[in-house]
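Please keep the sequence and the model in view while reading.

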Amino acid sequence: MGVVEQFLPGAGTYEQEGTIYSNFTGTAKIDLRNKRVTVVPNTRIPELPREGTTVLASVTHAQEKMATVSIWKINGKSLQNPFTAILHISSSSPRYERNMADVCKAGDIIRARVIDMTNRIPQLTTAGRGLGVVKAFCSSCGGILDFTTRRLQCPSCGNVERRRLAEDYGKTE
Ligand SMILES: [Zn+2]
């Protein structure tokens, strides 16, 4: 950042053998009047899934009774490193669902809430208000499914599918 002949090492810096170094990644601020250099860190506190937080996740794998998802947004904030989480069929819908294929499929994007963190892998629910699939893809051609006239249908090939949809399906970012 400089040498001690130019500046005094301020907050966020240290001096070694006459050279000033930064302690962390950040923005350097130079106070010319006092000839002091400081660093303001730009590292943010990472968002972590906690019980009660709302997340956006991509379904990576769907089996009959559970789906593995990858959380990439927590409380509206994008994550640098996605979290793996589990959605079990019993907490996937306010209705009794037998098969995850009626709830979500691999590739879909879901809005979910964290209900349990005790096994370190977050357990999710999509049964609550505003929760469920927010974007789904056609199993046959991969097109984005449209929800119109109470049917979830592919505009490209006409395929009709079933999901546990969020109330605002198709209207989110
Ligand atoms: Zn299609």
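Leaving aside its neighbours within four places in sequence, with which residues is Ile110 in contact? Ile110 is in contact with Ala57, Val59, Val69, Cys104, Thr126, Gly132, Val133 and Val134, once neighbours within four places in sequence are set aside. A contact here requires C-beta atoms, placed from the backbone, to lie within 7 Å of each other.

## Basis of the model

The model is predicted; local features need pLDDT of at least 70 and side-chain atom pairs count only at pLDDT 80 or more, whereas totals for chains, interfaces and linings use all residues. Residues are numbered from 1 along each chain as its sequence is written.

The mean pLDDT (the predictor's confidence in each residue, from 0 to 100) is 90, and 97% of the residues reach 70 or more. Confidence is highest in β11, at 98, and lowest in strand β1 (residues 2-3), at a mean of 78. Where pLDDT is low, the predicted coordinates should not be read in detail.

## Overall form

The protein contains 15 strands and zero helices. Both are DSSP runs numbered from the N terminus: helices are H or I runs of at least four residues, and strands are E runs of at least two. The C-alpha trace spans about 75 × 40 × 25 Å along its principal axes.

Domain 1 (2-41) and domain 2 (54-131) are given by the domain assignment, whose bounds come from an automatic or database source. The centres of domain 1 and domain 2, taken over C-alpha atoms, are separated by 46 Å. Of the 173 residues, 25% count as buried. A residue is buried if 20 or more other C-beta atoms lie within 10 Å of its own, exposed if 12 or fewer, and partly exposed in between, with C-beta atoms placed from the backbone. Among contacts between residues at least 6 apart in sequence, 45% join residues at least 24 apart.

## The nonpolar core

The largest nonpolar core has 27 residues, and those with the most contacts inside it are Ala57, Val69, Cys104 and Ile110. At least two residues of this core come from each of β7 (54-62), β8 (66-74), β9, β10 and β12 (132-135). Strand β7 supplies the largest share, five residues. Such a core is a set of buried Ala, Val, Leu, Ile, Met, Phe, Trp, Tyr and Cys residues joined through C-beta atoms within 7 Å. In soluble globular proteins, nonpolar side chains tend to be buried together.

## Pairing around β10

Strands of a sheet pair through backbone hydrogen bonds, either parallel or antiparallel; two strands count as paired if DSSP finds at least two bridges between them. Strands β7 and β10 run antiparallel and are joined by five bridges, and Ser58 stands opposite Ile109 in β10. Three bridges link β10 to β12, again antiparallel, with Gly132 in β12 as the bridge partner of Arg111.

Strand β10 is also joined antiparallel to β11 (residues 123-125) by three bridges, and Asp116 stands opposite Gln123 in β11. The hairpin of β10 and β11 has six residues between the strands, and within this hairpin Arg120 takes a positive phi near 70 degrees.

## The sheet of β13, β14 and β15

An open sheet of three strands has the order β13-β14-β15, with antiparallel pairing. Its edge strands, β13 (146-148) and β15 (160-161), each pair on one side only. Two bridges join β14 (residues 151-153) to β15, and Val160 in β15 is the bridge partner of Gln153.

## Loop residues

Arg150 lies in the loop between β13 and β14 and has a positive phi of about 60 degrees, although it is not a glycine. Arg150 is exposed because 5 other C-beta atoms lie within 10 Å. Asn75, in the loop between β8 and β9, likewise has a positive phi, near 45 degrees. Asn75 counts as exposed, with 12 C-beta neighbours inside 10 Å.

Ser90 is located in the loop between β9 (77-88) and β10 (109-116). Ser90 is exposed because 12 other C-beta atoms lie within 10 Å. Ser90 and Ala57 are 33 residues apart in sequence and 18 Å apart in space, C-alpha to C-alpha.

Note on methods:
Contact = placed C-beta atoms within 7 Å.
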